[in-house]
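Let's take a walk through this structure together, one neighbourhood at a time. Have the sequence and the 3D view at hand as we go.

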Amino acid sequence: MPASPSTARAINDRVALRLLQQEGPLTAGQLKQLTGLSRPTVADLVERLTAAGLIEVVGESGEQRRGPNARLYGIVADRAHLAALDVRTEGVSVVVSDLLGRELARASVPIADDTGTGPAVEQAVTLVERAAKEAGAERLHTVGVGAPGLIDPATGELRDSSGLPEWHRRLVAALQERLPARVIVENETNLAALAEQRDGAARDRDTFVLLWLGHGTGAAVVLDGRLRRGASGGTGEIGFLPVPGTSSLPSATDCEGGFHSLAGSAAIAELAVGHGWVATAVSPGEPEAAALVRQAVAPLSSPSPSPSPSVSSGADRFLSALADRLAIGAASVVAVLDPGCVVLGGEVGQAGGEVLATRVGERLARMSPLPVEVRASTLGGGAVLRGALLTARESAQDDLFAPRPR
């Protein structure tokens, strides 16, 4: 059945707004060309969207002929402000942006292990409020939160998980109480996968697995363009995966003995010590494992000056042993899902770069008959914030770009 006039107007408006968001400012003539709509229809939608406060004239095109047809229209970026949070066990980072995703403020705060639940929540919420003030945002429209642990697919709430601080769950409720904003919570690794697919190493893939390698381990599964969460939100809890090479088996409350025991930051640091490899310096906030891998890769990927044989040999042995471990976990995922692509994500995956990805890929090729490409993350630990911001932006745009009752 043909769409009603109001439905057709709503569809045309959404198409135009998406084009303006993706392409940047456009003239009415360019909107006509890109949408295939008639000139009067484009003129009507421009008038509607301007009256609704969603678009405005932001300049003129370089065309010689001036007048209405040369006006450039763009989305009103400050119509809404957004925030993204990356919640870790050791602290919180926040980014505030406008409706187009342009960063306006960024801040972080460390939270010590012995900080009480109440003070920890207060530090995190205050951080968001200060960042919003710095960005000039009177209020936040949507807040995207990336946190470790399971997200209940039915309620969207962060579930109580062993090993994670209580303030994580309390933080979400506090944000909803203190901020007049929509709060969306998602598992950190899932958000990292969305960011890698949109802006990172998996831009050309609609099916892939992100293997998160940071302070802890995790995985995110994207199949046919869709993020898969599982019946209880636990898809990708690869830290609990039973694997050879550990001294015990994981339990329902402790992933010790699972893949985490081979690929978590502490396990990688121990592996490095066993091969005589020591990091000379660790950047603030950087997992020790990432520093170890980054410095091990440097002498093997830099053509000059040539590293000493002892340095090169120690780095090579450490990275080879690490690749052996990562391939064990990746092979299990490949055997079940056949994703065709595995992205080594997180700070460790980014630090390892092509050197580590190539070694893991070579081992997978020997362990599995299924073709799989192994890639290094291009976003690293920053993928969580990027994914949270993308999620917040899409939610806000879905709300603001929705047709309003006439």
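Which residues in α6 meet α12, and which residues in α12 do they meet? Before answering, please keep in mind that this is a predicted model. On the α6 side, the residues are E188, L191, A192, L194, A195, E196, R198 and D199. Their counterparts in α12 are A383, V384, R386, G387, A388, L390, T391, R393 and E394. Sorted by class, this contact of α6 with α12 brings together eight nonpolar, two polar and seven charged residues.

How do the two helices lie against each other? Two packed helices are described by the angle between their axes and the distance between the axes. Here, helix α6 spans residues 188-199 and helix α12 spans residues 383-400. Their axes come within 7 Å and cross at roughly 80°. Angles of 65 to 115 degrees count as roughly perpendicular, and α6 and α12 are therefore roughly perpendicular to each other.

Now let's turn to the sheets, starting with the one made of five strands. This sheet is open, its strand order is β6-β5-β4-β7-β8, and the pairing is mixed. At its edges you will find β6 (103-110) and β8 (182-187), each of which pairs on one side only. On average, neighbouring strands in this sheet are turned by 15° against each other, direction ignored.

Helix α5 (residues 167-178) packs on this sheet, where it touches β4, β5 (91-98), β7 and β8. The direction of α5 makes about 165° with that of β4. Strand β4 (residues 81-88) is in turn paired with strand β7 (residues 142-147) in the parallel sense, over five bridges.

Leaving aside residues up to four places away in sequence, S108 touches V92, S93 and L127. Its C-alpha atom is separated by 6.1 Å from that of V94, although S108 and V94 are 14 residues apart along the chain.

Rolling a probe the size of a water molecule over the atoms shows where empty space is left. The second largest pocket holds about 500 Å³ of space. It is lined by 24 residues, and the closest to its centre are D86, R88, S93, G285 and E347. The elements that give two or more residues to this lining are β4, β5, β6 and α11 (346-367). Which of them gives the most? That is β6, with five residues. By class, the lining has nine nonpolar, nine polar and six charged residues.

Finally, let's visit the other sheet. It is an open sheet of three strands in the order β1-β3-β2, with antiparallel pairing. The edge positions belong to β1 (26-27) and β2 (55-60); each has a single partner strand, so one side of each is left without a neighbour in the sheet. Two bridges pair β1 with strand β3 (residues 71-75) in the antiparallel sense, and the bridge partner of L26 in β3 is Y73. Helix α1 (residues 5-23) lies across β1, β2 and β3, and runs at about 95° to β3.

Methods:
Residues numbered from 1 in each chain as written. Predicted model: local features only at pLDDT ≥ 70, side-chain atom pairs only at ≥ 80, totals over all residues. Heavy atoms only, no water. Pairing = 2+ DSSP bridges. Helix = DSSP H or I, 4+ residues; strand = E, 2+ residues; numbered from the N terminus. Axes fitted to C-alpha atoms, helices over the stretch in contact; angles between N-to-C directions. Contact = heavy atoms within 4.5 Å. 1 Å grid on protein atoms, 1.4 Å probe; cavity = no way out; pocket = protein on both sides within 12 Å on 5 of 7 lines; lining within 4 Å. Points joined across faces, edges and corners; volume = space filled by probe spheres on them. Nonpolar A, V, L, I, M, F, W, Y, C, P; charged D, E, K, R; others polar. Parallel < 35°, antiparallel > 145°, perpendicular 65-115°, else oblique.
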